[in-house]
Amino acid sequence: MLEVDNLRSGYGSIPVLNGLSLAIAEGEIVGILGHNGMGKTTLLKTLIGVIPAAAGWIRFLGGDITLLPAHRRARSGMSYVPQGRGIFAGLTVRENLMFATAAIGARRDGQLEEVLEEVPRLKAYLERPGGALSGGEQQLLALARALIQRPKIVLLDEPTEGLQPSIIEEIVDQLKALRLGRGLTILLVEQNVDFIRALSDRVLLIQKGTIVSEFDVDALSDATAMGDFSGVDH
């Protein structure tokens with residue numbers, strides 16, 4: 001579904017991604033681990049088109065999207081949930097969701113109802129400003145806003161940041177249900193080892209802007225491995 005080859009990008013004259021390659025099959029959940037500053041967020045932003053690629057190519061659903069702007073990638077079936085959620089705090093939950101529909105330039109009758117059935121916690125908060133929600137509810141709203149575009153793949157950046165364990169478990173269950181119900185493909189950047197282990201089929205390790213290894217999630221059960229892969233000291 002998604003293929004990346006020798007991808008390079010960064011910020012101005014500062015390179016971050018240095019010849020990164022990966023491939024994700026339809027229906028997979030792939031986790032990415034790495035220390036801070038290794039290029040995890042830059043990778044997601046380059047994939048969605050917020051940061052331009054300096055070299056290499058990105059193929060999605062068989063087509064080359066390397067040079068496409070972000071809105072064209074969204075319309076092709078790629079959604080991005082940024083670190084910090086990125087919701088509109090002054091808009092209501094309903095307005096946040098409808099804005100996502102408008103952003104892809106198409107009317108999607110029944111989309112709101114469909115997503116609310118999948119994320120039912122939001123039903124009680126439709127007229128509440130996004131900024132008045134708890135951190136966990138904001139994360140669910142960010143996820144629902146991505147889903148309303150009917151994506152084929154969702155790019156998730158640190159979705160558990162600042163959340164309580166109870167809501168993290170809910171998000172795990174939510175993502176598992178979406179994978180089962182929609183056949184959703186997910187690329188997940190996360191520092192919470194338990195979270196990434198609960199969801200991922202396989203995990204990629206990023207160092208200095210490139211993928212250096214791939215391993216099975218069972219490797220994360222080892223305390224030493226957790227330190228090596230997530231930056232936790234043991």
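**Talking through a predicted model**

Me: How many of the nine residues of helix α1 are buried?
Reply: Helices (H or I, at least four residues) and strands (E, at least two) are DSSP runs, numbered from the N terminus. Buried means under 20% relative accessible area, exposed means over 50%, and partly exposed is in between (1.4 Å probe, protein chains only). Helix α1 is mostly covered, and the number of buried residues among its nine is seven.

Me: What kind of model is this, and which atoms do side-chain values use?
Reply: This is a predicted model, in which local features need pLDDT of at least 70 and side-chain atom pairs count only at pLDDT 80 or more, while totals for chains, interfaces and linings use all residues.

Me: Let's go back to α1. Which strands does it lie across, and at what angle does it run to β6?
Reply: Among the buried residues of α1 are Lys40, Leu43 and Leu47. The helix, residues 40-48, lies across β3, β6, β7, β8 and β9. Axes are lines fitted to C-alpha atoms, for helices over the stretch in contact, and angles run from 0 to 180 degrees between N-to-C directions. On that scale, α1 runs to β6 at about 145 degrees.

Me: In what order do the six strands of the open sheet stand?
Reply: Two strands pair if DSSP finds at least two bridges between them. Here the pairing is mixed. From one strand to the next, the twist averages 20 degrees. The order is β6-β7-β8-β3-β9-β10.

Me: Which strands stand at the edges?
Reply: An edge strand here has a single partner, so one side of it is left without a neighbour in the sheet. That describes residues 78-81 and residues 210-215, which are β6 and β10.

Me: Why is β3 largely enclosed, and how many of its five residues are buried?
Reply: Both faces of β3 are covered, with Ile29, Gly31 and Leu33 on one side and Val30 and Ile32 on the other. Strand β3 (residues 29-33) is largely enclosed by the rest of the structure because the number of its five residues that are buried is five.

Me: Which residue of β9 stands opposite Leu33?
Reply: Strand β3 has two parallel partners: four bridges join it to β8 (residues 185-189), and four join it to β9 (residues 202-207). On the β8 side, Ile29 stands opposite Ile186. On the β9 side, Gly31 has Val203 as its bridge partner, and Leu33 stands opposite Leu205.

Me: How wide an arc do the buried residues of α4 cover?
Reply: In helix α4 (residues 111-118), the buried residues are Gln111, Leu112, Val115 and Leu116. They lie on the same side of α4, which follows from an arc around the axis of only 130 degrees. The arc is that of the directions from the helix axis to the C-beta atoms, and for this group its value is 130 degrees.

Me: Which word describes how α4 and α6 are set to each other?
Reply: The axes of α4 and α6 (residues 165-182) come within 11 Å and cross at roughly 125 degrees. Angles under 35 degrees count as roughly parallel, over 145 as roughly antiparallel, 65 to 115 as roughly perpendicular and the rest as oblique. Helices α4 and α6 are therefore oblique.

Me: How many charged residues are in the contact of α4 with α6?
Reply: Contact means heavy atoms within 4.5 Å. The contact is made by Glu114, Val115 and Glu118 of α4 and Gln174, Leu178 and Arg182 of α6. Ala, Val, Leu, Ile, Met, Phe, Trp, Tyr, Cys and Pro count as nonpolar, Asp, Glu, Lys and Arg as charged, and the others, Gly among them, as polar. By class there are two nonpolar residues and one polar, and the number of charged residues is three.

Me: Is Arg85 buried or exposed?
Reply: Most residues other than glycine have a negative phi. Arg85 has a positive phi of about 80 degrees although it is not a glycine. Its place is in the loop between β6 and α3. With a relative accessible area of 13%, Arg85 is buried.

Me: What relative accessible area does Leu61 have?
Reply: Leu61 is not a glycine either, yet has a positive phi of about 55 degrees. Leu61 lies in the loop between β4 (55-60) and β5 (63-64). Leu61 is partly exposed, with a relative accessible area of 45%.

How values were computed
Residues are numbered from 1 along each chain as its sequence is written. Side-chain values use heavy atoms; hydrogens and water are left out.
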